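Dear colleague,

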Amino acid sequence: MSTKAGFLRARRPEQKQQRYAAILDAARELALRDGVGAVSLADIAGEVGMHKSALLKYFETREEIFLRLAETEFGEWAAGALAALSTAGPEPRQVAEVLANSVAARPLLCQLLLYTPLTLERNVSLDVVRGFKLAIKASTQGVLPALQRALPALDTEACFDLLMMTALVAAGLWQAAHPSPHVMAVHAEDPDAAPYPDFRASLIRFVRTYLAGLMAR
């Protein structure tokens, strides 16, 4: 649903909070439709119905907007992963599949996992980066005990490695599995000339393989 509203100036605190949320909602919709890398500050401002200069009263930069979305996405992923891990089967392969699926189910998170270190953390203030990192730390620390309970043979360091590598591989795989229209056109002509992976299946396969290596150490 479009967030365009043609707002008048927000004066009261609740109006400012509504505007803040509308900006994030617009950025989310545009990113899911066009991809994070294709969305400009002007695009977001236009979707909300405000001038760029007004938008910058709420966020330092375009990158901060997406960093705030990354924080929310990661927190929501953590909550979902906690619930999913509590019902995972006893076999490590089953736990690996649950973990991989919890990430694969969040396409915006998969995009933001790539852009966070690449661009988003590089054009914001120290305070914004610090707040973001502390929020991610809290979410990660919330998931680690559940992962250890599901994988009692692994210590905390190994569980952290598993989470980190799952995120890193998901970021790269998402891009490879969603090629440009030109690559898809070549693939349609000759699949062997322009192959691209099935994202979910490839991520599950990687997490299972990496976990097997951790278990064998």
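UniProt positions are given here in the numbering used for this model, with feature names shortened, and such annotations may be inferred rather than shown by experiment. The model is a predicted one, in which local features need pLDDT of at least 70 and side-chain atom pairs count only at pLDDT 80 or more, while totals for chains, interfaces and linings use all residues. Residues are numbered from 1 along each chain as its sequence is written, and side-chain values use heavy atoms, with hydrogens and water left out.

In an unreviewed entry, UniProt lists residues 40-59 as "DNA-binding region".

Helix α1 (residues 13-34) packs against helix α6 (residues 107-118) at an angle of about 90 degrees, with their axes 10 Å apart; axes are lines fitted to C-alpha atoms, for helices over the stretch in contact, and angles run from 0 to 180 degrees between N-to-C directions. That makes α1 roughly perpendicular to α6 (65 to 115 degrees; under 35 is roughly parallel, over 145 roughly antiparallel, the rest oblique). R28, A31 and L32 of α1 make the contact (heavy atoms within 4.5 Å) with P107, L108 and Q111 of α6.

Helix α8 (residues 156-177) and helix α10 (residues 199-216) pack at about 155 degrees, their axes also being 10 Å apart, and that makes the two roughly antiparallel.

Best regards

How values were computed:
Helix = DSSP H or I, 4+ residues; strand = E, 2+ residues; numbered from the N terminus.
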